[in-house]
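The points are meant to be read alongside the coordinates.

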Amino acid sequence: MKILHLDLKLVGNNYAEFRYFWDNPNEYQSHQLPLAEITDLIGRAETDYYVYSHVDHAKTGQALYNWLDGSQRNLQRARDQHERQGIVLAIAASARLAHLPWEVLHDGQDFLVERRPAIIPIRWVKDENERQLTIEEQPQNRALNLLFMATSPLGIEPELDFEAEEAQILTATKRKPLSLTVEESGCLEELRCLVEYYDKGHFDVIHLTGHATFQDNQPCFITETEYGEPEYSSAEDIADRLQFQLPKLIFLSGCRTGYSRDEGIIPSMAEALLNQGATAVLGWGQKVLDTDASTAASSLYKELSAGKSLLEAVALTYQALLKNKARDWHILRLYVAGKIPGALVTPLVTRGRKPVPPPSITPEYIDPETKSLRVASRKEFVGRRRQLQNCLRTLKTDDDKVGVLIHGFGGLGKSTIAARLCDRFSTREKVVVLWRQIDESTLVKRLADKLRNSEQRTALKESQEELKYRLRYLFYELNEAGEKPFLFVLDDFEWNLEPRQGRYILKTEVAEILEALVWAVQEANSRNRIIITCRYDFDSDLLGLFYKQPLEAFRKSDLQKKLNRLEAFNSEKIDKGLVKKALQLADGNPRLLEWLNDEVLLKEEANSRLSELESNPEEWKREIIREELCEQIDKTLEKILSHCLAFEIPVPWPALEAVCESISGYKEQLSRAVELGLVEVSPKPDESQRVYRVSRILPHIIPGICLPQEPEVYYLYQKASEKLHELWGNRGNISLEKWREIFRLVFTDKDNPDRFRQGFSWMLEVQYNREADIALEIELIEVSSELSGAHLFRQLEVYLQQEKWREADEETAWIFYLVMIIREYKDWWELFKKFPSQTLNEIDRLWVSYSEGHFGFSVQKCIWKSLGGNSERDDETWKTFKKQVGWDVQGKWREDHTMLCKSESNEGNLPALIYTRRGNSGGFCVDFYPVEEWFSSLRFKPDP
């Protein structure tokens, strides 16, 4: 492709100098272009460019093209010289001109990127000494080496489906494979360590996918700390970690990574990275759809893997996006400086081309009997990010541990996680997988098969020394020779255990083998590591040298990602009620979800099959639990697990203890339940922050595990709600899920006649907590059939008689909640507009009567009208009103107003809580709207 250099500089306030040339910067042509023709376009770039209309993009592109082309047809005449070769428009533009949407250039017939061959605009970031771009052709005679790192920090929403992007890249490059290395941590420091492990220039492309934003007016990529917390990383941070190891291309696949703020004054992150030494950077000019970003990545790497030049690959990527009707095709931006990389690798059939390394360790996980793969492939894998990060951190950096134990219920994906961990290591050829029952001869044979040195193989197999000494000598020799370390995987390790006193211990012969392996790893001071997958956390002193990673079922975004890949759960042809039943039965268990998808929902008579499976689980029980485990579950453990079913979501350990404390030995039994994999555990590395849950699968397969009957279960709900309120019922809790569980539990305790009022009081304790307020409303709607409007004013009158003004104010707000839920008003605003006048008059009568005319809605209305208030919005009158009734103290809402006695409070001060409901913006407020409508629409008896 031929490069047409376009240099645009502002000349005063009215013109831009337009210089362009092909190969010789001294042979440029120059024209002055009037800014008046595009002044409006510069101002409208934000609105016209970032809309989603194809027609609007064409109009914008034509306006830009015509401005460059001018009446003398400057651009068209230049195009005519080399159009058959394909053209690159390298646009160097200053300030406001750099901000323009060059990617949508349109000649009146097509977008330039649609032409065959394409004409692609790229953004040339030049310094004062740089006169022209050159194409650097230095392809490597091997497969494309791509380093892929997704960032998904805790608390950053929405969570991106980065696994789908990885899978799409692998699918697109299947016929022309690349070497895809994935850095799982999302952490720049770990990225640095990974890049430094390889030779300089090993990676052709580094692909960062995740969320990007602006912080302190500077662009940044939201990466992760070592423990998954958000870290706002600048271009300088990225360049610092990749110093002397920058690849030829960096793809910042995050929203607005190619966006320049303030009309180009603040450079985009892509530009900033070029200024830090990068050569070519791809970014997105605005927010981009997940699907469009994945399509762009898969198309780009498909072409680069085939030996296409970078410019050709980008051109074909634009065309692929347009063909797929991608909404965001036009915001993909390529920035370059100095030299443009040509082809990164040679075509697949080039003589002497190095073969592609094995893409995955998963073939090691083929069942020898069924010949089927026992783990999810790289394309199928989803979720488990935190568990992977915890294990990788231990395996790579923790010198006090020799490995990790991944344990949990059947079907949760322990083997798949182990395979994924192996794929994350650079020593795939040094992975030794032992499945189920292990013995010394199998271990020695598998290990010997991985050795290149015949003398080492002979010594390992034929020496008469004890196993541990042979292993130590081997590991020491390999370490001295600079060989890569081994990664041992002991998969489905429960086959090597036997029960004893309600727990599991190592079989005698296996204990000797594991002890020898662990001892040799330690003694040789090597980086060899061990991964054990097991359904149980067994009894062994050796496990003190392992990081224990328990598992839980898929929840939230991980569950949704899994369901997105299962046909039946996304089919419009299958009854939604049936899908819901299947989801409830599987309870997030990946293996059971797959089985229900393939063997039930996609088969004929799915409804009857599913009902049969619910009542008779023998057919699928073996997929989840071993028969020998059922024998370990005694009546006491059944009772423990039954009590824990009171909670629907994962909860802290003290909450489980609270509902089990009436059972003898409950602490030991709870620990035993976790060890046996009967309690799911969250992935937090700090055990004090972990939460726990009993799977809803257990009651289907073990009849003795079920919620207690009434009234015993009400006692459990009481203990559960009180403990969760103690743990989570504070202003710092902004989790809607947690608040909903608190209110669900308290409302389910039917032994408590005041349960609804109690939940309301708990919400008021953290007033202005948006999530608590929403959760209360949602859970009240769930139990609306149990709410009653009878004796609505009884308690209010009691409080007013006793001059308990705070309690009366709360009771008034509670009446409002009841009316809203019972009458099914959609929100607080509709309640204000439609509040029944008879109820309103009675509330007002009680307030006015018992306060001797000091409090009440009608009193407030009189004050409002005396200040000139009416149905028109008047913020100043509203501010004056708030001060007069005592709600406003130095510009802030006075939260302690209801603690004043009548003589110390302003007239009209109460009721007040009803005005502090959630506002339109989602926060809490005492707002003018809908109060002006409220006061104007009140229909009292004659004003007092």
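Predicted model: local features only at pLDDT ≥ 70, side-chain atom pairs only at ≥ 80, totals over all residues.

The numbered points below take up a strand, the cysteines and the cavities in turn.

1. Burial of strand 22. Strand 22 spans residues 529-534, and six of its six residues are buried, so the strand is largely enclosed by the rest of the structure. In general, side chains of a regular strand alternate between the two faces of the sheet. In strand 22, Arg 529, Ile 531 and Thr 533 point one way, while Ile 530, Ile 532 and Cys 534 point the other way. Both sets are buried, and the charged residue Arg 529 is among the buried residues.

2. Neighbours of strand 22. Two pairings deserve attention. Strand 17, residues 403-407, pairs with strand 22 in the parallel sense over five bridges. Strand 19, residues 487-491, also pairs with strand 22 in the parallel sense, here over four bridges.

3. Cysteines. How many disulfides does a search of the whole structure find? The search finds zero. Cys 187 is accordingly in no disulfide, and the nearest cysteine sulfur, that of Cys 193, lies 8.3 Å away. Cys 187 is buried, with a relative accessible area of 7%. For Cys 644, the closest cysteine sulfur is that of Cys 660 at 3.7 Å, which is too far for a bond, because a disulfide requires the two sulfur atoms to be within 2.5 Å. Cys 644 also counts as buried, at 2% relative accessibility.

4. Cavities. The structure holds seven cavities of 30 Å³ or more, and the largest cavity has a volume of about 120 Å³. Cys 187, discussed under the previous point, is one of the residues that line the largest cavity. The lining also includes Glu 183, Glu 184, Ser 185, Glu 190, Thr 225 and Glu 226.

5. Composition of the lining. Which helix supplies the largest share of the lining of the largest cavity? That share, four residues, comes from helix 11, residues 385-397. Gln 389, Leu 392, Arg 393 and Lys 396 are among the lining residues. By class, the lining has six charged, three polar and two nonpolar residues.

Methods:
Residues numbered from 1 in each chain as written. Heavy atoms only, no water. Buried < 20%, exposed > 50% of the residue type's maximum accessible area, 1.4 Å probe, protein only. Helix = DSSP H or I, 4+ residues; strand = E, 2+ residues; numbered from the N terminus. Pairing = 2+ DSSP bridges. 1 Å grid on protein atoms, 1.4 Å probe; cavity = no way out; pocket = protein on both sides within 12 Å on 5 of 7 lines; lining within 4 Å. Points joined across faces, edges and corners; volume = space filled by probe spheres on them.
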